[in-house]
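Student: I should like to understand the reasoning behind the terms applied to a model of this kind. May I put some questions to you once it is on display?

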Amino acid sequence: MDTIRLYLHSMRMLIRSQLQYPISFFLQTLAQLVMEGGEMLAVILLVDRFEHLNQWGAGDLYFFFGLMSVTFYLTECFGRGITGNFPYLVRTGQLDTFLVRPRGVLTQVMCSAVDPRRITCIAVGGAALIIGSGMAAIEWTAAKVLLMAEAILCGSILILGLFMIEAIFCIYSVKSIELVNALTYGGRSACEYPIDTYPRPLRVLFTVFAPFALTLHVPGAWILGKPLFGWPEWAVWVSPVSGIVFFWVIWGCFQKAMRHYRSTGS
Amino acid sequence: MRAYLSAFRMRRKMELQYRGAVLGGVICQVFFGLILVAIYRAMYTGKPQEIPLSHITSYVWLQQAFFRMLLASDPELTDKIRTGSIAYDLCRPLDLYGFYYVRIMAQKMTGSLLRAVPMLVFAFLLPEGWGLMLPASAAGFAWSVAGLFLGLLCVCALENITMGFTMRTLDARGMQALLNLLMMILAGNILPLTLFPDSWQRVITLLPYAQLLDAPIRLYTGDTPPSSAPGILLIQGIWVLLLTGVGILFWRANQKRLEIQGG
């Protein structure tokens, strides 16, 4: 409880500090809107030209797009500490100050940043979800709402785990390895579309190694009434948990890596 | 003239220093290229289009290969504006606009060629229907190289206009991000312009952003036949003159009321 209170307090302070430069903040938020709007526009134009992708119609595709962008940008907004400057903290040796404080490292990293500019991205994703669910004529039930919440939560945790990989590499190599971003941002771009779009190697990558398909696409497809892989209903509820498992594995690696941590600071 | 040439050379040498970073960037870009190609391939199996798939995949690879040409800005200049050391540049016996124009040109040209060569080789080696096609004709290829050079001049002029905003507002992260995103969309990086609705294409291809990569790529794939190439190059040339002119006037106006930061 104390941790959550601390987190909320940090968020309040950080948001207040960002609002000190209102014009820059407004323009950057607007830029986020243009960015995500552009991505959405690409999907709309593709749907306009091609009408469908395998068994997925226009509404389905908007729904998948919305699911991914809501999940990804919620994570980038509230988990900015991990998705943003975690590698930077390791590289500059600023992580040292975190180690002497009486709180967990991860808690402090989470409390170190927030990115309210992402609100416009989340809004675009939300709009895509609403439009998609309308066009695909989804009949919402309590179970479907619950499953979607589970998918978004587990997806967020998965994304946090993916971003932590870069921080782990940083502990060993000091130099930031941007290659890892291929998995995070590449995963986002790829999994805006349902997993069966891709040839086998990419499908395996995003199902087994970075399980976006299990956390987002399997529940998403079930909500749309077109279950993926022909899996039974209970499997749909279990599969998003893979995101938590993934994070747990990475968290274990991080703990191990921290034992090797040597400060780079002066 | 010699001074500008040596500024160009210095910047080029500097850009060649970070070859390790280039490899990471290339792998990232290749990965994104593969994802995009997979999406368009899946779309094409459902409903083939008038424009052949090989043109679309080539479009994707050429866009990815020259990505660095679009998004590269001079971090030193932004720093100088913010810290006030731009005052030193004002003392140089050189035109400020020209000096930074050749610098950004060296950066964009070297950076993108360094990445484009390995990426295009890789794309050529990919199996049929995934990779980069050979140019439609020898004439088309020659025109597209000329078009690419004009595109480079265009993007450098655009970059300097963006920098003009930075001089005015000191912190232009917002404005810079906004203009860059507009560029990514309208240059065809996010979605090939050839897949935009046909009625939109007629307008979009006339905008300055389409002159950067879209125009040369169409000449390469043969979507624009070599016979209409002179007209395309003329449009590009007009935009180069226009954007450079606007940039020069903008920078002049900025220099008159430039606030030097620092103390």
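Student: Why does B:Val22 count as partly exposed?

Tutor: The model is a predicted one, and the label follows from a count of neighbours. A residue is buried with 20 or more other C-beta atoms within 10 Å of its own, and exposed with 12 or fewer. B:Val22 has 16 C-beta neighbours inside 10 Å, so it counts as partly exposed. This residue lies in helix α2 of chain B.

Student: Which residues is B:Val22 in contact with, leaving aside its neighbours within four places in sequence?

Tutor: They are B:Leu114 and B:Arg115. The criterion for a contact is that the C-beta atoms lie within 7 Å. As a further relation across the sequence, B:Val22 and B:Ser112 are 90 residues apart along the chain, while their C-alpha atoms are 9.8 Å apart in space.

Student: What makes up the side of chain B that touches chain A?

Tutor: In chain B, 28 residues are in contact with 32 residues of chain A. Helices α2 (19-46) and α9 (173-186) of chain B each supply at least two residues of that side. The largest share, eleven residues, comes from α2(B). By residue class, the side of chain B that touches chain A holds 21 nonpolar, four polar and three charged residues.

Student: Why is chain A called as compact as a globular protein of its length?

Tutor: For 266 residues the globule rule gives 18 Å, and the radius of gyration of chain A is 19 Å; the two values are close, so the chain is as compact as a globular protein of that length. Its C-alpha atoms fill a box of roughly 60 × 40 × 35 Å along the principal axes. Chain A has 14 helices and zero strands, and 44% of its 266 residues count as buried.

Student: What share of the contacts in chain A with a separation of 6 or more joins residues 24 or more positions apart?

Tutor: Such residues account for 79% of those contacts.

Student: How do you know what confidence the predictor assigns to chain B?

Tutor: The pLDDT runs from 0 to 100. Chain B has a mean of 86, and 97% of its residues reach 70 or more. Among the elements of chain B, helix α5 (residues 75-83) has the lowest mean pLDDT, 80, and helix α12 (residues 229-256) the highest, 91. Where pLDDT is low, predicted coordinates should not be read in detail. The model as a whole scores ipTM 0.86 and pTM 0.87.

Definitions and conventions. Residues numbered from 1 in each chain as written. Chains lettered and ligands numbered in written order. Predicted model: local features only at pLDDT ≥ 70, side-chain atom pairs only at ≥ 80, totals over all residues. Contact = placed C-beta atoms within 7 Å. Helix = DSSP H or I, 4+ residues; strand = E, 2+ residues; numbered from the N terminus. Nonpolar A, V, L, I, M, F, W, Y, C, P; charged D, E, K, R; others polar. Rg over C-alpha atoms; globule rule 2.2 N^0.38 Å.
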